[in-house]
Amino acid sequence: MGVIVLLLIASISVAAIFLVAFIWSVKSGQYDDEFSPPVRMLFDDKPKTNSNQ
C-alpha cells in the first residue's frame with residue numbers, strides 16, 4: 001500500500017511539472033504564431049551559392 005501512495009505522489013508531481021512547463025510556454029508566446037509554421041514548408045529555400053567555384 002505504501003508503494004501505491006509513493007507512485008501516486010510521484011505521478012502527480014511529474015504531471016504538475018509538465019503542467020507548469022506548458023503554462024510557462026503558452027505565456028511566453030510560443031504558440032502565438034499559428035499561421036507561418038504550416039505555410040513555411042511550402043516556400044522554397046534560397047539556393048546555396050558556392051563561392052569556391
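What follows is a short chat about the fold, the surface and one serine.

Trainee: What kind of model is this, and what is its secondary structure?
Mentor: The model is predicted. Its secondary structure comes to two helices and zero strands.

Trainee: Is the protein spread out or a compact globule?
Mentor: The radius of gyration is 22 Å, well over the 10 Å that the globule rule gives for 53 residues, so the protein is more spread out than a compact globule. Along the principal axes, the C-alpha atoms fill a box of roughly 70 × 30 × 20 Å.

Trainee: How much of the protein counts as buried?
Mentor: Of the 53 residues, 4% do. The accessible surface is about 5600 Å², with 68% of that belonging to carbon and sulfur atoms.

Trainee: Switching to Ser25, where is that?
Mentor: Ser25 sits in helix H1, which covers residues 2–27.

Trainee: Buried or exposed?
Mentor: Ser25 is buried, because its relative accessible area is 7% and the cut-off for buried is under 20%.

Trainee: Which residues does Ser25 touch?
Mentor: Leaving out residues up to four places away in sequence, Ser25 touches Gln30 and Tyr31.

Trainee: And what comes just after H1?
Mentor: Gly29, which takes a positive phi of about 90 degrees.

Trainee: How far apart are the ends of H1?
Mentor: The end C-alpha atoms of H1 are 38 Å apart, which agrees with the 38 Å that its 26 residues should span at 1.5 Å a residue.

Methods. Residues are numbered from 1 along each chain as its sequence is written. This is a predicted model: local features need pLDDT of at least 70, side-chain atom pairs count only at pLDDT 80 or more; totals for chains, interfaces and linings use all residues. Side-chain values use heavy atoms; hydrogens and water are left out. Helices (H or I, at least four residues) and strands (E, at least two) are DSSP runs, numbered from the N terminus. Buried means under 20% relative accessible area, exposed over 50%, partly exposed in between (1.4 Å probe, protein chains only). Contact means heavy atoms within 4.5 Å. The expected span of a helix is 1.5 Å times one less than its number of residues. The radius of gyration is taken over C-alpha atoms; the globule rule is 2.2 Å times the number of residues to the power 0.38. Accessible areas come from the Shrake-Rupley method with a 1.4 Å probe; for residues, only the protein chains shown count as cover.
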